[in-house]
Amino acid sequence: MITDPKNHPNSSDTGRRAVVAVLLPREHLPFIRDWCLHHIEQGWEVVLYDNTGSVGSTRKTSAFSLNRWHGRSEDKRGNSYGAFTRSMSDSEVQVAFRKELHDLPVTIVDWQPRDADGRIVHGQVEAYVDYVSRYRDTVAWAAFIDADEYLEHAPGLDWEVLLAGVTQVDSHRVVLDALVYESRWTRDGQLRDVEDLKCLGLQIHGCKNIVRLSEILRADVHWGWKTSEPDSLVRPDRSLFYFRHYRGSEAALDFTPLPNFGPQVHQEGVDVPPTIDLSQK
């Protein structure tokens, strides 16, 4: 059943918390139920902004604005998610999307903002502002991530431990780093089992945020969030709290040999002699 988060109060000590994502159902249809269940089982409410029909983001740094957009049937890395739903209209995709989630406590918001030319655009930050405006008085924390990103914590920990600690030090924001995995789609649009995808390494850029709603002054996708004073953040060790990102080729390992160089602040190394005379020991 699709429902409003106000009907699902969170009884945790740190207050209600939600995962918020803006997504194209065509791209995420085969995986969205798994994604929702993953976060529901971790105690998160789930709110999805349905951006069906979008031509892409108009942010200056986006793939669409930089003319790197591959079209509505491919993601910005060239993986052809559209092949899976090529025979379906937008409205049919939306029906299938809602059918996947009909028995889960998930909120779906229709989100089709338009640019000056009348085209439906992504409006990710604007969606975040919409969510904050709706729920800042009733939801304590929200994780603003994408639908190919899965929040994770180490065994023996949970999100209550993290958020309680952040509250105790009077901070309003958590910045999470990622481990990057192979893409969920092949180039020709074939599905790949998420459980079989390999970790490709650490993600250097593209952090995501968990923010206290009542303190948000400015929203962003990655770094540009601003909260009321003290405008500070907590960045937990990636081995303890992080997210999995199924983004694919950009995270390919590079084995190009590099020169062995510093910088070294302290010259504390000791040269190893070519041979050691053990008889003198």
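Me: How much accessible surface does the protein chain have, and what percentage belongs to carbon and sulfur atoms?

Reply: About 15,200 Å², with 52% belonging to carbon and sulfur atoms. Those areas come from the Shrake-Rupley method with a 1.4 Å probe, and for residues only the protein chains shown count as cover. Keep in mind that this is a predicted model, where local features need pLDDT of at least 70, side-chain atom pairs count only at pLDDT 80 or more, and totals for chains, interfaces and linings use all residues. Residues are numbered from 1 along each chain as its sequence is written, and side-chain values use heavy atoms, with hydrogens and water left out.

Me: What makes up the secondary structure of the protein chain?

Reply: Five helices and twelve strands. Helices here are DSSP runs of H or I with at least four residues, strands are runs of E with at least two, and both are numbered from the N terminus.

Me: Why is Tyr49 called buried?

Reply: Buried means under 20% relative accessible area, exposed over 50%, and partly exposed in between (1.4 Å probe, protein chains only). Tyr49 has 0% relative accessibility, so buried it is. Of the 281 residues of the protein chain, 49% count as buried.

Me: And what makes Arg86 exposed?

Reply: Its relative accessibility is 60%, so Arg86 counts as exposed. Arg86 lies in the loop between S2 and helix H3 (90-100). Its C-alpha is 8.9 Å from that of Arg26, though the two are 60 residues apart in sequence.

Me: Why does Asp170 count as partly exposed?

Reply: Its relative accessible area is 43%, so Asp170 gets the in-between label. You'll find Asp170 in the loop between helix H5 (159-168) and strand S6 (173-176). Its phi is near 60 degrees, a positive value in a residue other than glycine.

Me: What makes a set of residues a nonpolar core, and how many residues has the largest?

Reply: A core is a set of buried Ala, Val, Leu, Ile, Met, Phe, Trp, Tyr and Cys residues joined through side-chain atoms within 4.5 Å. The largest one has 42 residues, and Leu151 is among those with the most contacts inside it. Apart from it lies another core of 22 residues, among them Val20 and Ala127.

Me: Which residues does Leu151 touch?

Reply: Contact means heavy atoms within 4.5 Å. Leaving out residues up to four places away in sequence, Leu151 touches a list including Val19, His38, Trp44, Trp159 and Phe243.

Me: Why is the Tyr49 and Trp111 pair called edge-to-face?

Reply: Rings of Phe, Tyr and Trp (its six-membered ring) pair if their centres lie within 6.5 Å; planes under 30 degrees apart are stacked, over 60 edge-to-face, and the rest tilted. Tyr49 and Trp111 come out at 5.4 Å centre to centre with 85 degrees between the planes, hence edge-to-face. Tyr49 is in strand S2 and Trp111 in the loop between strand S3 (106-110) and H4, so the pair ties together parts 62 residues apart in sequence. Trp111 is buried too, with a relative accessible area of 13%.

Me: What label does the pair of Tyr131 and Tyr135 get, and why?

Reply: Tilted, because the planes are at 45 degrees, with the ring centres 4.8 Å apart. Both residues lie in helix H4, four residues apart, about one turn of the helix. Ring pairs also link Tyr128, Tyr131, Tyr135, Phe144 and Trp225 into a cluster.

Me: How do you know that the charged end of Arg17 sits over the ring of Trp44?

Reply: The test asks for NZ of Lys or CZ of Arg within 6 Å of the ring centre and within 35 degrees of the ring normal. The charged end of Arg17 is 4.6 Å from the centre of the Trp44 ring and counts as sitting over it.
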